[in-house]
Structure formats: structure tokens, C-alpha cells
Amino acid sequence: MFEVIAVLEQNLLLFYIVVFIVGLLIGSFINVVILRMPPLLEFAWKKDFADFTESAFKEKKPLSIAFSRSHCPQCKKQLSAWHNIPLFSYLLLRGRCYFCKNKISFRYPFIEFLTALLTLVMAYKFGVSLSLLAGSILVWFLIVITWIDIDTYLIPDQLSLSLLWFGLFFSLFEFSITPNQAIMGALIGYLSLWLVFHLFKFVTGKEGMGYGDFKLLAAGGAWLGPELMIAVLMIASVGGLIFALLQAVMKKGSNKIPFGPYLSIGILVSYIFGSQIMYAMFPGL
Ligand SMILES: [Zn+2]
């Protein structure tokens, strides 16, 4: 293990190639999680409800995340291993299912590529280190959260709270923030959006976002500390506003906009450029 690390440290190109390939594989798994987690959660809720009300429950359990092979969403044929190579299978098959020739959503290769690219950014920033593992975990969670929020307008607690715990855990190593800052960050992250939510509700009578967003920003706070919460909120609000304006101009889509993706972008940008942002906000420090 240590020999592998030593080789990677000496050969940067090889290191980046390995990281990119690992990123593609994780991206492929992320696609599966995005697809299968929401139906599994819905199943669990319905089952809980049925248990609670002591009514009959006959629904079939959806595909599990780890233990079911991939299928074509249209013809349901099981994919063989070589149809399942991240990115390359999509290119080789020219974006169509091998069996039924129906178009495969561009989203799958896009998420694989995005995961690999952002993991590579972390590798470039942190090199061969434990910080790279931390940064990659943050990237992977944020990608899953972003797309589940886009699909369902929900951010599962299982994701946001796990991300929060990971942030608290990695703060023990004090890569960029101390455990004190992580705890304060989580607290301020949660409370700031909670406050915005209730002010907005008080003024307009509408609910602008959900509790999932508060928990996501709490998780972000555990990774970034309290000061950068301002940057995250600014990036997320500007991003959300631009998107809402574009949607209004094009008169397309629903008026419901998930906030999770913008918070995720804000968290990631602040994580990568944290020291530059801090310097811009507090030049004296
Ligand atoms: Zn098919």
C-alpha cells in the first residue's frame, strides 16, 4: 500500500490518471444511487406508514443500491459488463442501448465525467494525502444530493447528515478548520437558513425552501467553518436568482426551484477557494 502511494507521489501523471479512473467508477456508482435511492426511501416511508396505521402493505421492494445489476431503463434488459464501462460504453454505443437502440440519457456519462473531473480538481489541490480522500467524499456527496434534489425536490437526511458527520470527523485532523470551527459552522449554517426561511415566510406567507436545505448548509458548515457560510449563501443566492430569471425569460419549467444544487455549488466553490475568499472578505487577517 505504502509502495503504491510512493509511486504515485513520484509520478504525477500516473496519479492523475488513476484518480480520474477512480472518479469515473465512483461516478458510475453515483448514477445508481441517484436512480435507486429515492424509490427505496419512498418504499420505506410507505411501509412505516402502513406499519403505523396497521394497514396491509403489498408493494414490491425496489432494486437495492449495491446488489442489483444495471438494466436498460426502457427495455429492462440486464447490461453486460462491457456495456457498463463509465463514459466509454456511452461513446462506443453512441448513446443508445445495445439491445433496444433507445437513447440513453446524456446525464449518465455527464455525471460520470463530472465526478471524475471534480475528483481530479481535489487531487490537484491536495496531492497524495488524506485531504484528497476528504475532499473527494465531499464532492461525491454533493453530486448525489444535487441530482436527487433536482429529481425529487428532496434532500435525504441519510445524505446530508452523513455529510455533516464526515465534516466533523475530518475536522479532527485540522486540514483547514478546527473541530470548534466545524461545530460552529454546522450550527450557524443551519440557523442562518432557518432564519431566512422564517423571515421569508413571515413577509410573503410562502415557504421558500425546505428543512433539507438547512441540513445541507449545516453539513457545509461542518466542512467550512462559520466565516465561509456568508460566501456559500451569496454564491447560492446569486446562482439560484440567475437560474430563476433565465427560466422566467424563457417561460419554461415549473416555478419550483430546488435550492440544494446552488448550495452545493456554493459549498464546493468555498471549499476549493476558501483561503482566497477568506482573504477577500477579511484582508486584515
Ligand atoms: Zn434497452
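Which residues in H4 meet which residues in H5? The points below take this up.

1. Basis. This is a predicted model: local features need pLDDT of at least 70, side-chain atom pairs count only at pLDDT 80 or more, and totals for chains, interfaces and linings use all residues. Residues are numbered from 1 along each chain as its sequence is written.

2. Overall make-up. The chain has eleven helices and zero strands. Both are DSSP runs numbered from the N terminus (helices: H or I, at least four residues; strands: E, at least two).

3. The C-alpha atoms fill a box of roughly 60 × 60 × 45 Å along the principal axes.

4. The helix pair. H4 (residues 107–126) and H5 (residues 130–152) pack at about 155°, with axes 9 Å apart. That makes H4 roughly antiparallel to H5 (angles over 145 degrees, on a scale from 0 to 180 between N-to-C directions).

5. The contact. On the H4 side are Ile-111, Leu-114, Thr-115, Leu-118, Thr-119, Met-122, Ala-123, Lys-125 and Phe-126. They meet Ser-131, Leu-132, Gly-135, Ser-136, Val-139, Trp-140, Ile-143 and Trp-147 in H5. Contact means C-beta atoms, placed from the backbone, within 7 Å. The residues of this contact divide into eleven nonpolar, five polar and one charged (Ala, Val, Leu, Ile, Met, Phe, Trp, Tyr, Cys and Pro are nonpolar; Asp, Glu, Lys and Arg charged; the others, Gly among them, polar).

Key: Angles under 35 degrees count as roughly parallel, over 145 as roughly antiparallel, 65 to 115 as roughly perpendicular and the rest as oblique. Two residues are in contact if their C-beta atoms, placed from the backbone, lie within 7 Å.
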